[in-house]
Amino acid sequence: MAILIGDTAPDFTLDSTEGPIHFYDYIEGFWAVLFSHPKNFTPVCTTELGYTAKLKDEFEKRGVKVLGLSVDKLEDHAGWAKDIEETQGAALNFPLLADTNGEVARQYDMIHPNADNSLTVRSVFVIGPDKKVKLKIEYPASTGRNFDEVLRVIDSLQLTAKHQVATPVNWKNGEDVIIVPAVSNEAAREKYPEGWKELKPYLRIVPQPRA
Ligand code: BEZ
């Protein structure tokens, strides 16, 4: 069965570049990004992992733990990590999981047999502190992902969790947001005593809440 948004993220234990990781223990109390990459020593993956390492402070600021996963062997991860540092200017600073028998990849539907029978596609799962899947995206092997977009979605998800707001098309952190339809005008008046811009009764715009 596919893992869908709203589902509980499956737990697992795997070896990683930072030692054995029990997923639930590792992410306890945090948000998590679990992403698969097809193969070590490949060009697109090398750029993705280097860039993700450069975003360390951004993930930390948001209380997010990052984990990469491939079906390659742990021994190969270490050699490749050197190449990532050399070519991308950033050393790996998050665990790379070695899912050598592909069990976790299959559980998370990261292997799409009609694309490749054994390698993972580029999946990203954002998982909340409640262990529920909040975002799921999938790219083919030939297209590097946009990890700035992953951060943008995390900003939106965290605002929704904290303030019951949604974010409009192409929203960026700091821009106006939308009061979710589940919040009545009466409840909204308490939260936003300065009011909101009402384009339609279901389309109520407020400045992005701070704090
Ligand atoms: C890459 O990372 O460049 C790549 C990996 C697997 C298939 C194709 C490209």
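The model is predicted, with pLDDT of at least 70 required for local features and 80 or more for side-chain atom pairs, while totals for chains, interfaces and linings use all residues. Residues are numbered from 1 along each chain as its sequence is written, and side-chain values use heavy atoms, leaving out hydrogens and water.

Glu58 lies in helix α3 (residues 56-61); helices (H or I, at least four residues) and strands (E, at least two) are DSSP runs, numbered from the N terminus. Glu58 is partly exposed, at a relative accessible area of 25% (buried is under 20%, exposed over 50%, partly exposed in between; 1.4 Å probe, protein chains only). Leu151 is 93 residues from Glu58 in sequence, yet their C-alpha atoms are 7.8 Å apart.

Turning to the sheet, four strands form an open, antiparallel arrangement in the order β8-β9-β11-β10. β8 (165-166) and β10 (197-200) are at the edges with a single partner strand each, so one side of each has no neighbour in the sheet. Strands pair if DSSP finds at least two bridges between them; two join β9 (residues 177-179) to β11 (residues 203-206), and Val177 faces Val206 in β11.

Most residues other than glycine have a negative phi. Gln164, however, has a positive phi near 55° and sits in the loop between α6 (147-163) and β8. Gln164 is partly exposed, at 45% relative accessible area. Asp109 also has a positive phi near 55°.
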